[in-house]
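Subject: A structure for you to look through

Hi,

Here is the structure I said I would pass on. Have it open while you read, and follow along with my notes below.

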Amino acid sequence: MVCPVWVHRFAVVTAGATLVLIFVGALVTSTGSGLAVPDWPLSFGQVFPPMVGGVLFEHGHRLMAACVGLLTVTLLVLLSQWEPRARVRWLARGAVLTVLLQGTLGGVTVLLRLPLAVSVTHACLAQAFLCLVMALAVCTAPGWQERPASWVEQQQPTLRVLTALTAGMVYLQLILGALMRHMGAGLAIPDFPLALGRLVPPLESPAVVVHFVHRLGAAAVVLCVGWTVARILSRYRAERRLLHPALLLVGLVLLQLTLGALTIWTRRAVLPMTAHVAVGAAVLATSVVIMLRAARLIVAPAGVSGQDFLSAQVTA
């Protein structure tokens with residue numbers, strides 16, 4: 001039995017809705033609306049309060065979160081019925097548990113009046129949940145279960161390793177971004193491309209340190225993405241399943257850098273600041289797609305066991 005195409009499309013819709021949810025959540029932070037509704041799970045003791053001012057953003061975020069939660073539970077039901085692979089079904093169960101935990105963290109964030117640790121964890125878990133639903137969308141795609149014509153790569157590190165490194169670096173950068181946002185350190189360094197008029201600013205406060213490390217993280221992401229895309233263009237240009245998301249990733253990273261600069265230059269205007277978070281999530285999602293497809297398409301060199309091949313990647 002093969003998972004029906006319409007189940008895959010439902011998974012894609014769920015992933016798309018998750019990206020929208022991250023945008024709406026960023027909008028709540030950008031507009032300072034996190035406590036516009038001070039109670040939870042109700043809103044001013046109501047299921048649907050008047051949608052005015054910051055309530056529009058905060059309660060709208062809650063409604064969108066409920067929608068994503070419903071989509072995720074529905075996806076689990078569909079996969080339990082139609083998906084033959086146990087690993088994919090377990091992945092769907094993990095997604096449901098993650099979205100439930102995420103909703104609970106959102107409520108705790110409000111009830112405890114936006115504590116830094118909980119707020120940052122809430123933001124980071126949202127990105128982890130996005131990775132889960134993106135993996136479900138990729139693994140349920142038509143033809144995924146058919147064994148593709150695999151590519152054998154001798155070069156070290158392999159594309160498998162590069163794509164995993166890139167996705168991990170992007171996620172780490174999003175953690176730094178979440179910490180910076182919730183610390184209120186977005187303008188701790190108010191100029192760009194210099195930092196307080198220097199290449200390396202005086203690291204005299206936690207806000208400046210976090211902000212500067214976030215900028216260094218952006219440089220690291222650019223290097224990882226550039227290395228990964230260069231490998232794909234040089235060795236796998238004919239493989240459209242890798243080429244197309246790689247080109248998209250380049251465009252998203254360029255857009256993300258532009259939005260980061262605009263966030264500084266406009267003194268944290270709502271639109272570029274919110275878009276910066278959403279495009280960051282899109283960069284992560286695209287990185288995960290490339291990582292999963294590379295893991296599916298790239299195989300160990302002939303005559304090398306899986307254990308030896310893995311050891312070679314770790315020590316390379």
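His276 touches His214, Gln256, Leu259, Gly260 and Thr263, leaving aside residues up to four places away in sequence; a contact here means heavy atoms within 4.5 Å. You'll find His276 in helix 8. The C-alpha atoms of His276 and Gly260 are separated by 6.2 Å, with the two residues 16 apart along the chain.

Before you go further, a word on where this comes from: it is a predicted model, where local features need pLDDT of at least 70 and side-chain atom pairs count only at pLDDT 80 or more, while totals for chains, interfaces and linings use all residues. Residues are numbered from 1 along each chain as its sequence is written, and side-chain values use heavy atoms, with hydrogens and water left out.

Back to helix 8, which covers residues 270-297. How many of its 28 residues are buried? The count is 22, so helix 8 is largely enclosed by the rest of the structure. By "buried" I mean under 20% relative accessible area, with exposed being over 50% and partly exposed in between (1.4 Å probe, protein chains only). The length of helix 8 works out too: at 1.5 Å a residue it should span 40 Å, and its end C-alpha atoms are 41 Å apart, which agrees. That expected span is 1.5 Å times one less than the number of residues.

Next, the whole chain. It has nine helices and two strands, in the order α-α-α-α-β-α-α-α-α-β-α along the sequence. The radius of gyration is 21 Å, close to the 20 Å that the globule rule gives for 316 residues, so the protein chain is as compact as a globular protein of that length.

A few more totals for the protein chain:

- The C-alpha trace spans about 60 × 55 × 30 Å along its principal axes.
- 47% of the 316 residues count as buried.
- Of the contacts with a separation of 6 or more, 74% are between residues 24 or more positions apart.

Leu242 lies in helix 7 (residues 240-265) and counts as buried at 0% relative accessibility. Leu242 touches Leu159, Ile232, Tyr236, Ile290, Arg293, Ala294 and Leu297, again not counting residues up to four places away in sequence. One of these, Ile232, is ten residues from Leu242 along the chain, and their C-alpha atoms are separated by 7.0 Å.

The other is Glu58, in helix 2. Is Glu58 buried or exposed? At 6% relative accessibility, Glu58 counts as buried. With residues up to four places away left out, Glu58 touches Val28, Ser33, Gly34, Ala36, Val37 and Val110.

Helix 5 is worth a look as well. Its 25 residues should span 36 Å at 1.5 Å a residue, and its end C-alpha atoms are 36 Å apart, which agrees. Ile175 sits in helix 5 and is partly exposed at 29% relative accessibility. Ile175 and Cys124 are 51 residues apart along the chain, yet their C-alpha atoms are separated by 5.9 Å. Just after helix 5, Gly184 takes a positive phi of about 70 degrees.

Finally, the loops. Which bonds are cis? The peptide bond from Trp40 to Pro41 is cis, with omega near 10 degrees, and so is the bond from Phe192 to Pro193, with omega near 15 degrees. Pro41 is in the loop between helix 1 (5-30) and helix 2 (54-82); Pro193 is in the loop between helix 5 (159-183) and helix 6 (206-235).

Phe44 also lies in the loop between helix 1 and helix 2. Its phi is near 55 degrees, a positive value in a residue other than glycine, and Phe44 is partly exposed at 43%. Arg113, in the loop between helix 3 (86-111) and helix 4 (116-139), has a positive phi too, near 65 degrees, and is partly exposed at 46%.

Cheers

Definitions and conventions: Helix = DSSP H or I, 4+ residues; strand = E, 2+ residues; numbered from the N terminus. Rg over C-alpha atoms; globule rule 2.2 N^0.38 Å.
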